[in-house]
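Biologist: I would like to learn how to read a model of this kind. Could we take it feature by feature?

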Amino acid sequence: MSLLIPLLQVPGQTTLAIVAGFFLTFLWYTLRWFRLRRSMPPGPLGFPFIGNSHQIPEIKPWRKFTSLNEQYGPVISLMMGDTPVIVLGTAKAAWELLDKRSDIYSSRPRFIIGGEILSDNKRGLMLPYGEAWRKWRKILHSAFHARRADTYRGIQSDESKIMMHQMLHDPEHFERHLQRYAASVVTSVAYDRRVDSVDEWIVQENMQAMDYLTSVNIPGKYIVESMPWLLRLPKSLQWFRKEPEAQRQRDVAFLMHLYKDVESRMKDGAISDCMTSQTIANREKNGWSELDVAYAVSTPFGAGIETTAGTLSIFFLAMLHFPEAMRKAQEELDKVVGPDQMPEFQDKDRLPYISAVINETLRWRPVAVLGGSPHAVMTDDEYQGMYIPKGSTIFANLDGIMQDPEMFPSPEMFLPERFVDATDPRLQTFDLPFGFGRRICPGAHLALNSLFINVARILWAFDILPEYVNGEPILPDTRNFTNGFNSRPVSFRCRVVPRNDKVEKCILAESEAAKARLLVTK
Ligand code: HEM
């Protein structure tokens with residue numbers, strides 16, 4: 001009220017001029033807004049200033065995106081406050097824009113909470129396209145390109161043998177064993193440091209950090225993402241900063257601890273070559289601070305555990321619901337490998353149905369449900385007569401894309417056959433689950449190797465069966481998934497039963513040998 005008093009005291013004409021000024025500005029903004037919305041791809045109109053923010057749920061927004069794509073078409077638009085958002089609902093649209101026009105579609109939107117406040121612009125996954133991102137991406141590429149990724153097969157095979165042993169003795173906690181496997185592979189590759197249990201401090205601390213990061217990166221969750229002008233308020237009034245800033249301090253302490261540990265083992269000559277030791281060796285040449293390196297080398301730790309373990313959980317869920325696919329895969333394994341030895345990487349080319357099961361798992365319920373991380377377009381663009389403004393956030397909504405009945409008939413069914421018989425080259429090399437263009441997942445080779453060795457061995461050794469209550473099978477809901485950018489099944493129960501005595505003996509012998517190679521003391 002006190003703010004209004006001076007306004008009421010100015011002479012009548014001045015007051016009128018101010019009110020008219022406000023009104024004209026409002027009218028200009030609103031007309032411009034409607035003109036913009038008309039030229040953009042179809043979608044719910046929303047309101048000036050707030051756009052469609054109120055229509056996008058905080059919980060699993062991809063469901064809403066999928067239904068909007070069904071209603072308005074494969075390319076739709078929304079406004080999150082002042083930021084245009086484009087949602088791509090078919091692979092064709094995503095390939096045409098994000099792959100073919102990757103020179104302008106390879107940036108990221110501003111992640112005010114997750115990228116700037118929480119991560120101080122040090123997590124490359126959220127960096128805009130440019131020099132800093134390129135430098136970061138080079139480190140990832142040199143550690144994970146196809147030939148380099150194959151050098152980690154020994155670690156992956158041994159960790160998978162240990163996982164099989166845990167699965168045999170403690171089948172109830174199958175999800176924990178999958179997570180331990182995925183965690184130990186990335187910590188070995190990144191820090192030359194394996195993990196024996198998901199309860200270990202470094203796994204728990206990383207999970208906490210990643211859960212927090214994915215929980216803040218949900219579109220619509222923070223008003224400041226669509227109204228960045230709130231950052232101009234005095235810091236003490238920016239109520240949204242407190243929590244992410246506290247988490248940042250915790251993240252920095254954790255990542256620097258891992259960095260310093262590698263550095264001191266390098267000084268003692270007590271470390272094998274790993275991603276961190278190599279990056280530290282080149283740190284000064286690249287002009288990187290210790291903290292820059294600590295964040296960069298933690299990338300696989302952040303991006304490679306939930307995605308890999310989550311996809312393997314999805315595989316278990318699919319096997320429960322589609323036992324005929326499991327039987328067919330087991331027939332192939334029995335014919336090609338037999339019960340006396342475990343499948344190995346060199347069997348891969350002779351196991352096409354296993355490869356098809358993996359592709360179908362990645363399709364049926366993609367863990368990176370919104371395409372991993374959204375892209376942003378760097379210049380104004382036009383697609384099929386529709387205007388896509390510079391700075392638009394672009395979601396490749398894998399939830400909807402993978403359920404497109406034109407590309408994947410009977411999309412709710414788990415049908416590996418669609419990949420076995422595929423003539424379309426984009427299904428033969430199925431990289432759709434790993435994203436697009438210059439931002440495509442750099443860990444895809446490592447991930448596919450992990451998926452192959454574990455899916456092949458699990459199906460070779462075990463039947464995955466439902467639990468029974470009062471003679472009735474209990475099947476977990478196929479849509480009960482977690483929230484967040486990586487969405488995996490909410491923990492469920494099943495029986496993991498060895499198929500015969502021979503596989504049990506083989507697992508015991510192979511896991512002992514693997515432990516000896518990895519110097520596991522427990
Ligand atoms: C089944 C496992 C995995 C799936 C389904 C997956 C999927 C994805 C997807 C969809 C993206 C977004 C790409 C885009 O923006 O267009 C992505 C990005 C990324 N992934 Fe993966 N990923 C997996 C495993 C891994 C692993 C094991 C690593 C690390 C070694 C990794 C590291 C990354 C990084 C660093 C990015 C960001 C790339 C950038 O912004 O330039 N991912 N992933």
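The dialogue below goes through the ligand site, the domains and some single residues.

Modeller: This is a predicted model, in which local features need pLDDT of at least 70 and side-chain atom pairs count only at pLDDT 80 or more, while totals for chains, interfaces and linings use all residues. Residues are numbered from 1 along each chain as its sequence is written, and side-chain values use heavy atoms, with hydrogens and water left out.

Biologist: Which donor does the iron atom of the ligand have from the protein?

Modeller: Donors are N, O and S atoms within 2.8 Å of the metal (3.2 Å for Na, K and Ca); water is not among the atoms, so sites may look incomplete. Here the protein gives the iron a single donor, SG of Cys441, at 2.3 Å. Cys441 sits in the loop between helix H22 (425-428) and helix H23 (444-461). Helices (H or I, at least four residues) and strands (E, at least two) are DSSP runs, numbered from the N terminus.

Biologist: How many residues are around the ligand, and which come nearest?

Modeller: A residue is near a molecule or strand if one of its heavy atoms lies within 4 Å of it. There are 27 residues around the ligand, and Arg108, Arg137, His375, Phe436 and Cys441 come nearest. At least two residues of this shell come from each of helix H6 (131-144), helix H16 (299-303) and helix H17 (305-321). The most come from H6, which supplies 4 residues.

Biologist: How do the residues of the shell divide into nonpolar, polar and charged?

Modeller: Ala, Val, Leu, Ile, Met, Phe, Trp, Tyr, Cys and Pro count as nonpolar, Asp, Glu, Lys and Arg as charged, and the others, Gly among them, as polar. On that scheme the shell has 14 nonpolar, 10 polar and 3 charged residues.

Biologist: Which side chain has an N or O atom 3.0 Å from an oxygen atom of the ligand?

Modeller: A polar contact is a pair of N or O atoms within 3.5 Å; within protein, one must be able to donate a hydrogen and the other to accept it, and residues adjacent in sequence count only if both atoms are side-chain atoms. The side chain at 3.0 Å is that of Trp133. Arg137 places a polar side-chain atom 2.8 Å from a ligand oxygen, whereas Phe436 uses a backbone N or O atom, 2.9 Å from a ligand oxygen.

Biologist: Into which domains is the protein chain divided?

Modeller: Domain bounds come from an automatic or database domain assignment. In this chain they give domain 1 (1-39) and domain 2 (40-521). The contact (heavy atoms within 4.5 Å) takes 9 residues from domain 1 and 18 residues from domain 2. The centres of the two domains, taken over C-alpha atoms, are 48 Å apart.

Biologist: Is lysine 60 buried or exposed?

Modeller: Buried means under 20% relative accessible area, exposed over 50%, partly exposed in between (1.4 Å probe, protein chains only). Lys60 counts as buried because its relative accessibility is 13%. Lys60 lies in the loop between helix H2 (12-39) and H3, and its phi is near 45 degrees, a positive value in a residue other than glycine. Pro61, in helix H3 (residues 61-72), is buried at 1%.

Biologist: Where is asparagine 470?

Modeller: Asn470 is in the loop between strand E8 (467-469) and strand E9 (472-474). Its phi, near 50 degrees, is also positive in a residue other than glycine, but Asn470 counts as exposed because its relative accessibility is 78%.
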